[in-house]
Amino acid sequence: MNRLITVTKISIGTLVFLSSCVPTKKFKASQAALQSARNDSAALAQNVSNLKNQVADLQKSVESKNKSITDLDAEIDKLSKDISDLNQEKVKLINDASSKQSLLAKNGQELVSQKKKLEQLQALMDQQKQAIEEIRKKMANALNGFKSSELTVSTKNGKVYVSLQENLLFPSGSAVVNPKGKEALNKLAEVLNVNPDITVDIEGHTDSIPIRGKYQDNWDLSLARAASIVRILTIDYKVSPERVVASGHSQFEPVQTNSTAEGRAQNRRTDIILSPKLDELYKLLQNNSTAVK
């Protein structure tokens, strides 16, 4: 019976022991599961935090990119405006260049035209110079029989001057031409009549001594002497009157001083001024003047 009791105690102890072991395992298993859940929750929380951080970074990146896009849009707008301004400037430059090219072409044409006119003008001036020299030679040859104290032939201001002294043409204080003076005028008229393109200006000059007698003053005498020569040339020697002009200059265009007898003698003269007709030259000069205006 003791053995039975002993066996029974052992069995009961074993059962008690076994019954106490089962809850402990479950507890430990529960504890382990709980800890695992806690660990998973912490891991999930960390992942959530990481994801939140990533989302925040992404938002910052998006905002930065949006800002960059805005800046780029503004830069594109600025570049577009700059390009538009450059295109307008380009068009303006092209138009200016075209205008300047047209102006240069026009100026070039005008320069060519002006050069041509200048060449024509130079040719006419050369012809005039040559014609004047020919007139001088013809007059010098025609009047070579007279003394230098009686007359001179020279060129001045593009014209031929035949200066006849008072002692060849007139008595003192008179406007009646001497026979020897008429001879000189006849020689001069012969040249004029075979050269119809020569114009003739006759100028009477006196010294400064006041005139007495028939004429009122030196103006009157100088003009009367010029008119006498015009009548002889046009009436006696048939020089065309349309070519001849007479004028009196009194004492106011002396060639020498009036303070000496020799100077006054040279001042008492009649100048017959000869020049070729310059119609073409005047026409060209007039055209040039009109073109400049």
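Where does Thr206 lie? Thr206 is in the loop between S3 and H4, where helices (H or I, at least four residues) and strands (E, at least two) are DSSP runs numbered from the N terminus. The model is predicted, so local features need pLDDT of at least 70 and side-chain atom pairs count only at pLDDT 80 or more, while totals for chains, interfaces and linings use all residues. Residues are numbered from 1 along each chain as its sequence is written, and side-chain values use heavy atoms, with hydrogens and water left out.

Thr206 has a relative accessibility of 4% and counts as buried; buried means under 20% relative accessible area, exposed over 50%, and partly exposed in between (1.4 Å probe, protein chains only). Leaving aside neighbours within four places in sequence, Thr206 is in contact (heavy atoms within 4.5 Å) with Asn218, Leu221, Ser222, Ser250, Gln251, Asn267 and Arg268. A polar atom of the Thr206 side chain lies 3.5 Å from the backbone nitrogen of Gln251. Arg225 is 19 residues from Thr206 along the chain, and their C-alpha atoms are separated by 9.9 Å.

The largest nonpolar core has 32 residues, and Ile202, Ile229, Ile272 and Leu274 have the most contacts inside it. Such a core is a set of buried Ala, Val, Leu, Ile, Met, Phe, Trp, Tyr and Cys residues joined through side-chain atoms within 4.5 Å. Two or more residues come from each of helix H1 (2–142), strand S2 (159–165), helix H2 (166–169), helix H3 (179–193), strand S3 (198–205), helix H4 (218–236) and strand S5 (269–276). H3 gives the most, with six residues. A second, separate core of five residues includes Ala175, Tyr215, Leu221 and Ala224.

Leu274 can be followed in detail. Apart from neighbours within four places in sequence, Leu274 is in contact with Ile135, Met139, Lys159, Val160, Val162, Leu192, Ile198, Thr199 and Val200. Ser275 is in strand S5 and is buried, with a relative accessible area of 10%. Not counting residues up to four places away in sequence, Ser275 touches Ile135, Lys159, Asp197, Ile198 and Thr199.

Two loop residues remain. Most residues other than glycine have a negative phi. Asn157, which is not a glycine, has a positive phi of about 55°; Asn157 is in the loop between strand S1 (151–156) and S2 and is exposed, with a relative accessible area of 68%. Lys238 has a positive phi near 60°. Lys238 is in the loop between H4 and strand S4 (244–248) and counts as exposed at 64% relative accessibility.

Note on methods. A polar contact is a pair of N or O atoms within 3.5 Å; within protein, one must be able to donate a hydrogen and the other to accept it, and residues adjacent in sequence count only if both atoms are side-chain atoms.
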